[in-house]
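Colleague: Please put the model up, and I will ask about its strands and its surface.

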Amino acid sequence: MKLKYILPILFLALFTVACSSDDNDDYTPPTSEVDGLQLIQELSNDTHTIELYNESGMFYTGYNNVSLRIKDNSNGQYEEDATITWMPMMQMPTMQHSCPKTNPMKASGKNTVYEGTIVYQMTNTDGSGWSLILEYTIDGMDYMVSETITVMQNDDQNVSSFMGSDDSRYIVAMVEPKDPIIGINELVVGVYKMENMMSFPVVENYMLTLDPRMPGMGNHSSPNNTNLTFNAADNMYHANLSLTMTGYWVLNLKLMNTEDEVLKGEDVTDTNEQSSLYLELEF
Ligand SMILES: [Cu+2]
């Protein structure tokens, strides 16, 4: 084929490609960095609006993954370089206390979203009692916002707060599985010590025995479970959790310290159908 025939064809092809990219038929809106997340609440001060997000749009007792953005009230832009700490506080009749948490850090691959975690160990039946204090620094300037938040009671017991036999208070919270399957699930649990009303460090290198049971079906167990052991990579305890059918399961636990002393919980036996330390799940 001669060049004088090829050139018009090439030109036509290029022109068609260029035009179709302007085509509005398959226009997709700009993807938001919080796509797939639901707004829980906005916290505002004079300068910023803090948007709190998670998958359900609600805080529940137990382990909460939280995403947030900081919007500049003057221009609507989201801050991309903030240092953030937060302090959840529960006001009780005679005292106030905080809970286990990790401060928000920039989410990997995102420009405006920060991710942190909060483990609410309790709440009032109407969801009241908690407030969230956020302190953050942008360009060397310190800011603060504090507002009441709503924390609803989770249906199943996904967190347990208790006194150990060593007279220390502990919190055990289920992190995974979020969507249990029939078969082997990765069970992930956080264990925290209540040092005082404000400080809840991760407990390292303890162990939790695991004995899942179905109370509605003769309290049967399941095969191939493993005990929960500490993983320093994510500061969590991991185990294989075997769920042989859908329904209501009680995960009976015993918390053991590094000397193998039982701090809380009992074996499930013919005469003791449930440990005093347990988590629940239903699927
Ligand atoms: Cu409380």
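The questions and answers below concern this predicted model.

Colleague: Which strands stand at the edges of the open sheet of 4 strands?
Modeller: The order in this sheet is β6-β5-β9-β10, with antiparallel pairing. An edge strand has a single partner strand, so one side of it is left without a neighbour in the sheet.

Colleague: In β9, which residue is the bridge partner of Thr 83?
Modeller: β5 spans residues 82-91 and β9 spans residues 130-138. The two pair in the antiparallel sense over 9 bridges. In β9, the partner of Thr 83 is Thr 137.

Colleague: Which residue in the turn between β12 and β13 has a positive phi?
Modeller: β12 (residues 159-163) and β13 (residues 169-176) run antiparallel and are joined by 5 bridges. Ser 161, for example, has Ile 171 in β13 as its bridge partner. The two strands form a hairpin with 5 residues between them. In that turn, the residue with a positive phi, about 65°, is Asp 167.

Colleague: What percentage of the residues count as buried?
Modeller: The cut-off for buried is under 20% relative accessible area. The protein has 283 residues, and the share that count as buried is 43%.

Colleague: What part of the accessible surface belongs to carbon and sulfur atoms?
Modeller: The accessible surface of the protein comes to about 15,500 Å². Of this, the part belonging to carbon and sulfur atoms is 50%.

Technical notes
Residues numbered from 1 in each chain as written. Predicted model: local features only at pLDDT ≥ 70, side-chain atom pairs only at ≥ 80, totals over all residues. Heavy atoms only, no water. Pairing = 2+ DSSP bridges. Buried < 20%, exposed > 50% of the residue type's maximum accessible area, 1.4 Å probe, protein only. Areas by Shrake-Rupley, 256 points an atom, 1.4 Å probe, with all protein chains shown as cover.
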